[in-house]
Amino acid sequence: MNTGDILAALRREKGIGQKELAAHLNLSVGTISNYENNIHSPDLVTLSRLADYYDVTTDYLLNRTDFRSSLRTLNRRVTKEYTVLDIVNTILSCDTSAIGSIMEYAAFLQSKRPRQSIKPSDRNRPGSPNNT
């Protein structure tokens with residue numbers, strides 16, 4: 001996949017048209033189309049703005065990695081003490097046996113997580129499991 005294909009896929013995922021993206025980035029629709037059709041490539045400033053807009057890394061846009069998360073996501077606090085990056089770095093510092101154990105324990109915790117109960121106000125909504 002090339003940069004243009006990635007840009008087009010991200011735009012479709014976000015559910016916006018080229019016109020809306022162009023307006024947000026203060027570019028022409030033709031420029032967006034040229035990027036998505038690999039006629040031209042965005043300059044570095046525009047590439048960074050696109051990465052920020054889609055909350056991905058520039059490496060992802062350039063197809064250098066499959067990892068989409070931006071620094072903003074990695075720096076997000078998941079608890080009072082830890083960020084996503086803290087957890088990733090901790091896991092990466094472990095040997096393969098420990099990583100296997102961590103993943104098994106995470107799966108165990110997920111299986112024990114209480115299922116979300118349906119609020120009384122949701123019971124009569126269309127598509128609600130209790131609305132038969």
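Is Val 78 buried, exposed or partly exposed? At 37% relative accessibility, Val 78 counts as partly exposed; the cut-offs are under 20% relative accessible area for buried, over 50% for exposed, and partly exposed in between (1.4 Å probe, protein chains only). Keep those words handy for the views below.

The model is predicted, so local features need pLDDT of at least 70 and side-chain atom pairs count only at pLDDT 80 or more, while totals for chains, interfaces and linings use all residues. Residues are numbered from 1 along each chain as its sequence is written, and side-chain values use heavy atoms, with hydrogens and water left out.

**View 1. The whole chain is built with eight helices and zero strands.** Helices (H or I, at least four residues) and strands (E, at least two) are DSSP runs, numbered from the N terminus. Of the 132 residues in the chain, 23% are buried.

**View 2. Val 78, Tyr 82 and Ile 87 make a nonpolar surface patch of about 260 Å².** Look for Val 78 in the loop between α6 (71-74) and α7 (84-92). To join a patch, a residue needs over 30% relative accessible area and no salt bridge; like charges are joined within 9 Å, and nonpolar side chains (Val, Leu, Ile, Met, Phe, Trp, Tyr) within 5 Å. A salt bridge, by the way, is a side-chain nitrogen of Lys or Arg within 4 Å of a carboxyl oxygen of Asp or Glu.

**View 3. Helix α4 (residues 44-54) has buried residues and exposed ones.** Thr 46, Leu 47, Leu 50, Ala 51, Tyr 53 and Tyr 54 are the buried residues. Seen down the axis of α4, they fall within an arc of 165 degrees, so they line one face of the helix; the arc is that of the directions from the helix axis to the C-beta atoms. Over on the other side of α4, Leu 44, Val 45 and Asp 52 are exposed. The cover over the buried residues includes α1 (3-14), α2 (18-25), α3 (29-36) and α5 (58-61).

**View 4. Asp 43 caps the N-terminal end of α4.** One of its side-chain oxygens sits 3.2 Å from the backbone nitrogen of Val 45. Just after α4, you'll find Asp 55 with a positive phi of about 55 degrees.

**View 5. Leu 50 is a buried residue of helix α4.** Its relative accessible area is 1%. Setting aside residues up to four places away in sequence, Leu 50 touches Leu 7, Leu 21, Leu 25, Tyr 35, Pro 42 and Leu 61, where contact means heavy atoms within 4.5 Å. Leu 61 is 11 residues from Leu 50 along the chain, and their C-alpha atoms are separated by 8.5 Å.

**View 6. In helix α3, Glu 36 pairs up with Gln 18 through a side-chain polar contact of 2.8 Å.** A polar contact is a pair of N or O atoms within 3.5 Å; within protein, one must be able to donate a hydrogen and the other to accept it, and residues adjacent in sequence count only if both atoms are side-chain atoms. Glu 36 is buried, with a relative accessible area of 8%. Beyond its neighbours within four places in sequence, Glu 36 is in contact with residues including Gly 4, Asp 5 and Arg 11.

Methods:
Accessible areas come from the Shrake-Rupley method with a 1.4 Å probe; for residues, only the protein chains shown count as cover.
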